[in-house]
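Welcome! Below are some exercises with worked solutions for a reader who is meeting this structure for the first time. Have a look at it, then try each task before you read on.

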Amino acid sequence: MKLQYLREPFPHVIYHDVFTDGELDAIWKELEFFDGKYPDLEHSGTGKEENGDYKGVKEALWLSGFGQVPYEKFSIVEAIRMALYVFDGAQWEDKWIGDMWRSTTHDDVLVCKYPDGGYHTPHRDKATFTNFVWVHKEPKTFYGGNLYFPEYDNYQIKVENNKAVSIISSTMHGVSPIRGDGRYCLSNFMTIEP
Ligand SMILES: [Fe+2]
């Protein structure tokens, strides 16, 4: 794995080659198993605008919602933790952010599958850190779907297979409109709970 800490235009970490081939195989088996099991938007954790419209068009599934399988048993969860938590916050070269990372006590994973025409309007996540972990099949079968940051001159991070991005959750972000399907995001939220 290669990682890059960027202070500008806001602190974030970009990771390339996040998973091994074996981890990717296990993750794809789970993603295929989840197909057809995504709940309706009402139960997907997708927020609403003031006028009642959903802020995004995507299929989303909280792994912790599969009550019969302990959350930690999912390969997706284990692989994310193996890949991103191993640095114990040292990937944030600013000490105060690393300290905040080390103070987190809880994590969740939301599996998001974006259909043709999917998007997510700008919002802030209700967590401390958000780790976006992207996987898609090669060759890529969609266009768009980049992460963008409207409060930072629409700075964009390009969606790529086996790539991850960590941000402080309050950083406003959106997902640009997608043409085609096959874009998955494994969103990992880290929180500080009393
Ligand atoms: Fe978000």
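**Exercise 1. Find the residue in β6 that is the bridge partner of Val 57.**

Step 1. The bridge partner of Val 57 in β6 is Tyr 119. The names follow DSSP runs, numbered from the N terminus: helices are H or I with at least four residues, and strands are E with at least two. Residues are numbered from 1 along each chain as its sequence is written. This is a predicted model, where local features need pLDDT of at least 70, side-chain atom pairs count only at pLDDT 80 or more, and totals for chains, interfaces and linings use all residues.

Step 2. β3 and strand β6 (residues 119–123) run antiparallel and are joined by two bridges. Two strands pair if DSSP finds at least two bridges between them.

Step 3. Now place the pair in its sheet: an open sheet of five strands, with antiparallel pairing, has the order β3-β6-β12-β9-β10. Its edge strands, each pairing on one side only, are β3 (56–57) and β10 (155–157).

**Exercise 2. Work out the strand order of the open sheet with seven strands.**

Step 1. The order is β1-β2-β11-β7-β14-β5-β4, and the pairing is antiparallel. β1 (2–6) and β4 are the edge strands, each pairing on one side only. From one strand to the next, the twist averages 20°; angles run from 0 to 180 degrees between N-to-C directions, and axes are lines fitted to C-alpha atoms, for helices over the stretch in contact.

Step 2. Begin at β1, which pairs with β2 over five bridges in the antiparallel sense. Here Leu 6 stands opposite His 12 in β2.

Step 3. β11 pairs with β7 in the antiparallel sense over six bridges. Opposite Phe 129 stands Ile 168 in β11, and opposite Trp 134 stands Lys 163 in β11.

Step 4. Seven bridges join β7 to β14, and these strands run antiparallel. The bridge partner of Val 135 in β14 is Tyr 184.

**Exercise 3. Sort the residues of β7 by the way they point.**

Step 1. Check burial next: seven of the seven residues of β7 are buried. A residue is buried if 20 or more other C-beta atoms lie within 10 Å of its own, exposed if 12 or fewer, and partly exposed in between, with C-beta atoms placed from the backbone.

**Exercise 4. Describe how α1 and α2 pack.**

Step 1. Look at α1 (residues 21–34): its 14 residues reach 20 Å from the first C-alpha to the last, close to the 20 Å expected at 1.5 Å a residue. The expected span is 1.5 Å times one less than the number of residues. After α1 comes Gly 36, whose phi is positive, near 80°.

Step 2. α1 and α2 pack at an angle of about 145°, and their axes are 9 Å apart.

Step 3. Glu 23, Ala 26, Ile 27 and Glu 30 in α1 meet Ser 75, Ile 76 and Ala 79 in α2. Residues are in contact if their C-beta atoms, placed from the backbone, lie within 7 Å.

**Exercise 5. Which residues have the most contacts inside the largest nonpolar core?**

Step 1. They are Ile 76, Ile 80 and Val 111, in a core of 41 residues. Such a core is a set of buried Ala, Val, Leu, Ile, Met, Phe, Trp, Tyr and Cys residues joined through C-beta atoms within 7 Å.

Step 2. The largest share of this core, six residues, comes from α2.

Step 3. Not counting residues up to four places away in sequence, Val 111 touches Phe 34, Ala 60, Leu 61, Leu 63, Ile 76 and Leu 186.

**Exercise 6. Is Glu 72 buried or exposed?**

Step 1. Glu 72 lies in the loop between β4 and α2.

Step 2. Glu 72 is exposed, because 10 other C-beta atoms lie within 10 Å.

Step 3. Glu 72 touches Val 77 and Glu 78, not counting residues up to four places away in sequence. The C-alpha atoms of Glu 72 and Asp 108 are separated by 9.8 Å, with the two residues 36 residues apart along the chain.

Notes
Two residues are in contact if their C-beta atoms, placed from the backbone, lie within 7 Å.
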